[in-house]
Amino acid sequence: MAIFKNTVKNILLIGFLSLVLVFVFLTIFSKADLRLLRKTIGTDSFYSSNDPKNLFANINFFDTDSKGIVPPKLFKESLKPKNHTYRIPVFMYHYVEYNQSEEDFLRDQINIEPHIFEQQILTLKKAGYTFITPNDLSDILKLQPDLSESKYAMLTFDDGYSDFYTDVFPLLVKHDVKAVVFIVPYYLDKQNYMFSWQVKEVVSSGLVELGAHTLRHKYLLGIPIETVQAEVGPCKNWIEEKFGVEVTSFAYPYGVYDDAIVKVVQEAGYETAFGTDLGIEVSNDNKYTIKRIRPGYAQGTGLTGFIDNL
Ligand SMILES: [Zn+2]
(Lines give C-alpha, C1' and ligand atoms only; values in the text may rest on other atoms or scores of the structure.)
Protein backbone atom coordinates (compact mmCIF):
# COMPACT_ATOMS: atom_id res chain seq x y z
CA MET A 1 0.00 0.00 0.00
CA ALA A 2 2.89 2.33 0.92
CA ILE A 3 4.61 1.55 -2.39
CA PHE A 4 1.37 2.38 -4.25
CA LYS A 5 1.05 5.69 -2.34
CA ASN A 6 4.65 6.66 -3.25
CA THR A 7 4.03 5.84 -6.92
CA VAL A 8 0.95 8.10 -6.99
CA LYS A 9 2.99 10.83 -5.28
CA ASN A 10 5.77 10.47 -7.88
CA ILE A 11 3.33 10.57 -10.80
CA LEU A 12 1.72 13.73 -9.39
CA LEU A 13 5.16 15.33 -8.86
CA ILE A 14 6.33 14.50 -12.41
CA GLY A 15 3.02 15.79 -13.81
CA PHE A 16 3.36 19.05 -11.90
CA LEU A 17 6.97 19.58 -12.99
CA SER A 18 6.02 18.91 -16.63
CA LEU A 19 3.28 21.56 -16.43
CA VAL A 20 5.77 24.08 -15.00
CA LEU A 21 8.22 23.29 -17.82
CA VAL A 22 5.51 23.71 -20.51
CA PHE A 23 4.46 27.03 -18.94
CA VAL A 24 8.05 28.35 -18.88
CA PHE A 25 8.59 27.23 -22.48
CA LEU A 26 5.43 28.95 -23.71
CA THR A 27 6.24 32.16 -21.83
CA ILE A 28 9.67 32.42 -23.45
CA PHE A 29 8.70 31.67 -27.04
CA SER A 30 5.24 33.12 -27.43
CA LYS A 31 5.73 36.57 -25.92
CA ALA A 32 6.09 39.56 -28.23
CA ASP A 33 9.06 40.70 -26.20
CA LEU A 34 11.96 39.19 -28.10
CA ARG A 35 14.77 40.48 -25.98
CA LEU A 36 15.95 36.97 -25.21
CA LEU A 37 15.86 36.01 -28.87
CA ARG A 38 17.71 39.18 -29.82
CA LYS A 39 20.40 38.45 -27.28
CA THR A 40 20.74 34.89 -28.50
CA ILE A 41 21.22 35.62 -32.19
CA GLY A 42 23.02 38.97 -31.87
CA THR A 43 22.14 42.39 -33.24
CA ASP A 44 24.26 42.30 -36.37
CA SER A 45 22.92 39.10 -37.83
CA PHE A 46 19.47 40.26 -36.87
CA TYR A 47 19.65 43.28 -39.14
CA SER A 48 21.46 41.85 -42.10
CA SER A 49 18.18 41.29 -43.90
CA ASN A 50 19.92 40.59 -47.20
CA ASP A 51 21.54 37.48 -45.81
CA PRO A 52 19.50 34.53 -47.11
CA LYS A 53 20.98 32.33 -44.41
CA ASN A 54 19.47 34.52 -41.75
CA LEU A 55 16.41 32.73 -40.44
CA PHE A 56 14.77 35.99 -39.48
CA ALA A 57 15.67 37.89 -42.66
CA ASN A 58 12.16 38.65 -43.82
CA ILE A 59 10.42 38.98 -40.50
CA ASN A 60 10.12 42.52 -39.27
CA PHE A 61 9.70 42.23 -35.54
CA PHE A 62 10.29 45.83 -34.57
CA ASP A 63 7.94 47.80 -36.79
CA THR A 64 4.84 46.16 -35.37
CA ASP A 65 3.43 47.31 -32.10
CA SER A 66 0.06 47.55 -30.38
CA LYS A 67 -0.79 50.59 -32.53
CA GLY A 68 -0.49 48.59 -35.73
CA ILE A 69 2.03 48.50 -38.57
CA VAL A 70 4.45 51.43 -38.77
CA PRO A 71 5.69 52.14 -42.32
CA PRO A 72 9.24 50.82 -42.73
CA LYS A 73 12.10 53.36 -42.64
CA LEU A 74 14.94 53.19 -45.12
CA PHE A 75 17.46 52.55 -42.38
CA LYS A 76 17.16 50.74 -39.06
CA GLU A 77 18.95 51.70 -35.91
CA SER A 78 21.74 49.44 -34.81
CA LEU A 79 21.17 48.42 -31.20
CA LYS A 80 24.89 48.36 -30.54
CA PRO A 81 26.40 51.86 -30.59
CA LYS A 82 29.12 51.87 -33.26
CA ASN A 83 31.03 54.23 -35.46
CA HIS A 84 30.96 52.53 -38.82
CA THR A 85 33.03 53.74 -41.74
CA TYR A 86 30.80 53.38 -44.79
CA ARG A 87 31.91 53.17 -48.41
CA ILE A 88 29.47 55.49 -50.17
CA PRO A 89 30.60 56.99 -53.49
CA VAL A 90 29.51 60.64 -53.68
CA PHE A 91 29.68 61.88 -57.26
CA MET A 92 30.32 65.54 -57.99
CA TYR A 93 28.89 67.23 -61.07
CA HIS A 94 28.89 70.82 -62.28
CA TYR A 95 27.64 71.25 -65.83
CA VAL A 96 25.70 68.47 -67.51
CA GLU A 97 24.77 69.76 -70.95
CA TYR A 98 25.76 69.92 -74.59
CA ASN A 99 28.15 72.88 -74.58
CA GLN A 100 26.87 75.57 -76.93
CA SER A 101 30.10 77.53 -77.19
CA GLU A 102 33.24 75.96 -78.66
CA GLU A 103 35.45 78.69 -77.15
CA ASP A 104 34.22 77.98 -73.65
CA PHE A 105 37.09 75.64 -72.74
CA LEU A 106 36.72 76.08 -68.99
CA ARG A 107 33.11 75.04 -69.19
CA ASP A 108 34.06 72.02 -71.29
CA GLN A 109 36.50 70.85 -68.61
CA ILE A 110 33.83 70.51 -65.94
CA ASN A 111 31.03 69.57 -68.30
CA ILE A 112 29.65 66.08 -68.76
CA GLU A 113 27.33 65.48 -71.67
CA PRO A 114 23.84 64.31 -70.68
CA HIS A 115 24.00 60.95 -72.45
CA ILE A 116 27.20 60.13 -70.52
CA PHE A 117 25.50 61.14 -67.28
CA GLU A 118 22.61 58.85 -68.15
CA GLN A 119 25.01 55.97 -68.84
CA GLN A 120 26.57 56.58 -65.42
CA ILE A 121 23.15 56.33 -63.75
CA LEU A 122 22.47 53.10 -65.63
CA THR A 123 25.91 51.69 -64.76
CA LEU A 124 25.40 52.37 -61.07
CA LYS A 125 21.84 51.02 -61.05
CA LYS A 126 22.98 47.86 -62.82
CA ALA A 127 25.78 47.46 -60.26
CA GLY A 128 23.12 47.48 -57.51
CA TYR A 129 23.49 51.00 -56.18
CA THR A 130 20.59 52.88 -54.60
CA PHE A 131 20.80 56.67 -54.70
CA ILE A 132 20.50 58.58 -51.45
CA THR A 133 20.61 62.25 -50.43
CA PRO A 134 22.53 63.99 -47.62
CA ASN A 135 19.44 63.69 -45.38
CA ASP A 136 19.54 59.91 -45.86
CA LEU A 137 23.25 59.99 -45.13
CA SER A 138 22.58 61.90 -41.88
CA ASP A 139 20.17 59.11 -40.88
CA ILE A 140 22.81 56.51 -41.65
CA LEU A 141 25.42 58.32 -39.55
CA LYS A 142 22.98 58.73 -36.65
CA LEU A 143 21.46 55.24 -36.74
CA GLN A 144 24.64 53.33 -37.66
CA PRO A 145 22.89 50.50 -39.52
CA ASP A 146 24.85 47.53 -40.84
CA LEU A 147 25.11 48.25 -44.59
CA SER A 148 27.67 45.58 -45.40
CA GLU A 149 25.18 43.93 -47.79
CA SER A 150 23.97 47.19 -49.38
CA LYS A 151 25.31 49.66 -51.93
CA TYR A 152 24.47 53.35 -51.70
CA ALA A 153 25.68 56.22 -53.86
CA MET A 154 24.99 59.95 -54.02
CA LEU A 155 24.72 62.36 -56.94
CA THR A 156 25.69 65.93 -56.03
CA PHE A 157 25.43 69.02 -58.24
CA ASP A 158 27.20 72.24 -57.34
CA ASP A 159 26.10 75.83 -58.00
CA GLY A 160 22.54 75.29 -59.32
CA TYR A 161 23.14 75.84 -63.04
CA SER A 162 20.17 76.07 -65.36
CA ASP A 163 21.13 72.78 -67.00
CA PHE A 164 20.26 71.04 -63.75
CA TYR A 165 16.66 71.81 -64.65
CA THR A 166 16.87 71.33 -68.43
CA ASP A 167 19.22 68.34 -68.68
CA VAL A 168 19.72 66.63 -65.30
CA PHE A 169 16.26 66.73 -63.77
CA PRO A 170 14.48 64.97 -66.70
CA LEU A 171 16.99 62.10 -66.38
CA LEU A 172 16.50 61.89 -62.60
CA VAL A 173 12.74 61.61 -63.19
CA LYS A 174 13.18 59.14 -66.06
CA HIS A 175 15.27 56.78 -63.92
CA ASP A 176 13.64 57.63 -60.58
CA VAL A 177 16.90 58.52 -58.80
CA LYS A 178 17.54 61.05 -56.06
CA ALA A 179 20.13 63.83 -56.05
CA VAL A 180 21.18 66.95 -54.15
CA VAL A 181 21.85 70.36 -55.65
CA PHE A 182 23.96 72.86 -53.69
CA ILE A 183 22.38 76.28 -54.17
CA VAL A 184 23.97 79.74 -54.16
CA PRO A 185 21.15 82.21 -53.32
CA TYR A 186 22.94 85.14 -55.02
CA TYR A 187 23.07 83.26 -58.34
CA LEU A 188 19.41 82.27 -58.41
CA ASP A 189 17.32 83.80 -61.18
CA LYS A 190 20.49 85.04 -62.90
CA GLN A 191 21.72 84.09 -66.35
CA ASN A 192 23.10 80.56 -66.54
CA TYR A 193 21.50 79.56 -63.19
CA MET A 194 18.15 78.08 -62.25
CA PHE A 195 15.13 80.29 -61.73
CA SER A 196 13.43 80.04 -58.36
CA TRP A 197 10.37 78.44 -59.96
CA GLN A 198 12.59 75.73 -61.42
CA VAL A 199 14.10 75.02 -58.00
CA LYS A 200 10.57 74.80 -56.57
CA GLU A 201 9.59 72.35 -59.28
CA VAL A 202 12.57 70.02 -58.81
CA VAL A 203 12.06 70.04 -55.04
CA SER A 204 8.37 69.22 -55.35
CA SER A 205 9.26 66.08 -57.33
CA GLY A 206 10.55 64.55 -54.10
CA LEU A 207 13.72 63.44 -55.91
CA VAL A 208 15.83 66.54 -55.35
CA GLU A 209 17.15 67.80 -52.04
CA LEU A 210 18.64 71.27 -51.59
CA GLY A 211 21.98 71.90 -49.96
CA ALA A 212 23.82 75.17 -49.27
CA HIS A 213 26.92 76.51 -51.04
CA THR A 214 27.30 79.93 -49.28
CA LEU A 215 25.25 83.02 -50.07
CA ARG A 216 27.64 84.31 -52.75
CA HIS A 217 29.91 81.39 -53.68
CA LYS A 218 32.59 82.83 -51.45
CA TYR A 219 36.18 81.55 -51.32
CA LEU A 220 36.24 80.93 -47.56
CA LEU A 221 39.97 80.58 -46.87
CA GLY A 222 41.90 83.61 -45.62
CA ILE A 223 38.92 85.84 -44.89
CA PRO A 224 37.69 87.06 -41.47
CA ILE A 225 35.76 84.39 -39.58
CA GLU A 226 32.81 86.81 -39.26
CA THR A 227 32.55 86.88 -43.05
CA VAL A 228 32.62 83.07 -43.13
CA GLN A 229 29.82 83.01 -40.56
CA ALA A 230 27.80 85.55 -42.55
CA GLU A 231 28.07 83.40 -45.70
CA VAL A 232 27.48 79.95 -44.17
CA GLY A 233 24.64 80.09 -41.60
CA PRO A 234 22.32 82.60 -43.32
CA CYS A 235 22.57 80.56 -46.54
CA LYS A 236 20.89 77.61 -44.79
CA ASN A 237 18.14 79.84 -43.34
CA TRP A 238 17.56 81.64 -46.63
CA ILE A 239 17.09 78.44 -48.66
CA GLU A 240 14.91 76.90 -45.94
CA GLU A 241 12.58 79.92 -45.83
CA LYS A 242 12.48 80.50 -49.58
CA PHE A 243 11.70 76.89 -50.52
CA GLY A 244 10.11 75.52 -47.34
CA VAL A 245 12.60 72.68 -46.99
CA GLU A 246 15.10 71.56 -44.37
CA VAL A 247 18.72 72.11 -45.40
CA THR A 248 21.18 69.83 -43.61
CA SER A 249 24.11 69.74 -46.04
CA PHE A 250 26.76 72.18 -47.20
CA ALA A 251 29.35 72.14 -49.99
CA TYR A 252 32.54 74.22 -49.64
CA PRO A 253 32.94 76.59 -52.63
CA TYR A 254 36.12 75.65 -54.54
CA GLY A 255 36.48 72.73 -52.09
CA VAL A 256 38.53 74.80 -49.64
CA TYR A 257 38.25 74.74 -45.84
CA ASP A 258 40.28 74.72 -42.65
CA ASP A 259 39.45 73.74 -39.04
CA ALA A 260 37.88 77.12 -38.23
CA ILE A 261 35.64 77.01 -41.34
CA VAL A 262 34.56 73.43 -40.53
CA LYS A 263 33.62 74.61 -37.03
CA VAL A 264 31.47 77.42 -38.45
CA VAL A 265 29.64 74.93 -40.70
CA GLN A 266 29.05 72.59 -37.77
CA GLU A 267 27.83 75.39 -35.48
CA ALA A 268 25.45 76.68 -38.17
CA GLY A 269 23.49 73.45 -37.77
CA TYR A 270 24.55 71.53 -40.86
CA GLU A 271 24.82 67.76 -40.43
CA THR A 272 27.11 67.00 -43.36
CA ALA A 273 29.54 68.99 -45.51
CA PHE A 274 31.25 68.11 -48.77
CA GLY A 275 34.65 69.00 -50.21
CA THR A 276 36.18 68.18 -53.58
CA ASP A 277 39.04 65.85 -52.59
CA LEU A 278 38.88 62.32 -53.94
CA GLY A 279 37.63 59.59 -51.62
CA ILE A 280 34.79 57.19 -50.81
CA GLU A 281 34.75 56.59 -47.05
CA VAL A 282 32.16 58.34 -44.85
CA SER A 283 31.89 58.22 -41.07
CA ASN A 284 30.97 60.47 -38.15
CA ASP A 285 34.66 61.42 -38.02
CA ASN A 286 34.67 63.02 -41.48
CA LYS A 287 31.04 64.05 -41.96
CA TYR A 288 32.07 67.74 -42.28
CA THR A 289 34.81 67.01 -44.81
CA ILE A 290 33.20 64.32 -46.99
CA LYS A 291 35.21 63.45 -50.08
CA ARG A 292 33.74 63.10 -53.55
CA ILE A 293 34.38 61.50 -56.91
CA ARG A 294 34.57 63.33 -60.24
CA PRO A 295 33.18 60.65 -62.52
CA GLY A 296 34.46 62.33 -65.69
CA TYR A 297 33.46 60.31 -68.71
CA ALA A 298 33.86 56.95 -66.95
CA GLN A 299 31.03 54.49 -67.36
CA GLY A 300 30.42 50.74 -67.28
CA THR A 301 33.22 48.71 -65.72
CA GLY A 302 35.48 51.77 -66.06
CA LEU A 303 33.31 53.48 -63.47
CA THR A 304 32.54 50.53 -61.15
CA GLY A 305 36.17 49.38 -61.27
CA PHE A 306 37.31 52.88 -60.33
CA ILE A 307 34.94 52.96 -57.34
CA ASP A 308 35.93 49.47 -56.18
CA ASN A 309 39.63 50.39 -56.21
CA LEU A 310 39.22 53.57 -54.15
ZN1 LIG B 1 30.64 75.84 -56.59
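Q120 counts as buried because 24 C-beta neighbours lie inside 10 Å of it, the cut-off for a buried residue being 20 or more. This residue is found in helix α5 of what is a predicted model, and the description of its surroundings that follows should be read with that in mind.

Leaving aside the neighbours within four places in sequence, Q120 is in contact with P295, Q299 and L303. Q120 also lies 9.8 Å from G296, C-alpha to C-alpha, although the two are 176 residues apart in sequence.

## Helix α5 against helix α7

The helix that carries Q120 also packs with another helix: the axes of α5, which spans residues 114-126, and α7, which spans residues 162-175, come within 10 Å and cross at roughly 30°. Because of that angle, α5 is roughly parallel to α7, angles under 35 degrees being counted in this way. The crossing of the two helices is right-handed.

On the α5 side the contact is made by P114, F117, E118, I121 and K125, and on the α7 side by D167, V168, L171 and H175. Sorted by class, the residues in the contact of α5 with α7 comprise five that are nonpolar, one that is polar and three that are charged.

## Helix α9 against helix α10

A second pair to consider is helix α9, residues 225-243, and helix α10, residues 259-267, which pack with their axes 10 Å apart and at an angle of about 35°. The crossing of α9 and α10 is right-handed.

Helix α9 contributes I225, V228, Q229 and V232 to the contact, while helix α10 contributes A260, I261, V264 and V265. By class, the contact of α9 with α10 has seven nonpolar residues and one polar residue, with no charged residues.

## The chain as a whole

The chain contains eleven helices and 14 strands, and of its 310 residues 31% are buried. Among the contacts in the chain with a separation of 6 or more, 69% are accounted for by residues 24 or more positions apart.

## Confidence in the model

The pLDDT averages 81 over the chain, and 72% of the residues score at least 70. Over residues 25-67, however, pLDDT stays under 50, and for this stretch the model has 30 contacts beyond four places in sequence.

Definitions and conventions: Residues numbered from 1 in each chain as written. Predicted model: local features only at pLDDT ≥ 70, side-chain atom pairs only at ≥ 80, totals over all residues. pLDDT = per-residue confidence, 0-100. Contact = placed C-beta atoms within 7 Å. Axes fitted to C-alpha atoms, helices over the stretch in contact; angles between N-to-C directions. Helix = DSSP H or I, 4+ residues; strand = E, 2+ residues; numbered from the N terminus. Parallel < 35°, antiparallel > 145°, perpendicular 65-115°, else oblique. Left-handed = near helix turned anticlockwise from the far one by under 90°. Nonpolar A, V, L, I, M, F, W, Y, C, P; charged D, E, K, R; others polar. Buried ≥ 20, exposed ≤ 12 C-beta atoms within 10 Å, placed from the backbone.
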